[in-house]
Amino acid sequence: MSSTPLKLLLAVLTAFGFLTGCGGKHSNTMFPSVEISQLSSTKELAAYEGGKVTGAEFNRFLAVEGFLNPDAPLNDTSYRKELLRQLVMQKILISHLKTSDKVQKQVEDMWKQIKRSYDEDTRKQGYEVLNIRSSDVTNQLTNQFKLEEYFRKQITSDELTAYYKRIENDLTRVSFTQLAFSTLHDAAAAAAELQKGTSLQNVQKKYADVQTVSKIENADNLKLSSLSPSFIDVLKKQHIGESSEPIKMGKVYYILILKQKDKKTESEVKEEMMKELVLNHINRYIQDQLPRFHVNFSLR
């Protein structure tokens, strides 16, 4: 398994990626050790208006991350600094948040997943290597789910719809036949014949002798977003079986015949969009709101 890069993500979401991405129990998991030489219990690693983060707190936060995501580069300086920013954000917000029934259920479900992924001996090994207890994992999962719930409540239906419109080309897959012509004259004539009802086979035969047309067999089940903007504009509007007007790209003129188009609905991808938007809100909070607390970081 490769590690998931940390881009100001919730540690629990990284954990989901690890634990749900690997089937069965893992008895050979290698948990990372945490270098704590600069994380003494008395050292203040971050101070902000209303509180601070001690070395002991951050060491425990790092260790739980290592338990949930053994591939995490816990001793990488950049990784640590990003996690420390997360912990500051968590401490600022968490005191105002209650543990809902939903959060408790999420923690219980996460523990079920952990036990499906780690057998008992593996869990014990993790606690020993990382110097944590199961209660530390539970506490951190609870905090993370509380934060996720907090940010989810800020996401409006209008924001979801706007996000869906931005990514709808990624959610649409198309299959089409592509004809390529070297001249606009031939392309326009072929397009007119196809639109009158002339079969594709007959159009191909007509132009095969001058080698100006070809059929692309592998234009199947492609993401709409992976195509050129000119193709996207046409295929978004096309109906199944329709042939397009000539599309110029470079020195070639194309005709597209749409065979299939499948687009996931907003309701089908709502949960995935919510997770992305939660991360966006977290990033914005860290970038825009955290500075208001005059945070002073001393982690080197």
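Visitor: How are α2 and α3 oriented to each other in this model?
Guide: This is a predicted model, in which local features need pLDDT of at least 70, side-chain atom pairs count only at pLDDT 80 or more, and totals for chains, interfaces and linings use all residues. Numbering runs from 1 along each chain as its sequence is written, and side-chain values use heavy atoms, without hydrogens or water. The axes (lines fitted to C-alpha atoms over the stretch in contact, with angles from 0 to 180 degrees between N-to-C directions) of α2 (residues 55-68) and α3 (residues 77-94) come within 10 Å and cross at roughly 110°. With 65 to 115 degrees as the perpendicular range (under 35 is roughly parallel, over 145 roughly antiparallel, the rest oblique), the two helices are therefore roughly perpendicular.

Visitor: What separation do the C-alpha atoms of I155 and H281 have?
Guide: Neighbours within four places aside, I155 is in contact (heavy atoms within 4.5 Å) with several residues, including H281. The two are 126 residues apart along the chain, yet their C-alpha atoms are separated by 8.6 Å.

Notes
Helices (H or I, at least four residues) and strands (E, at least two) are DSSP runs, numbered from the N terminus.
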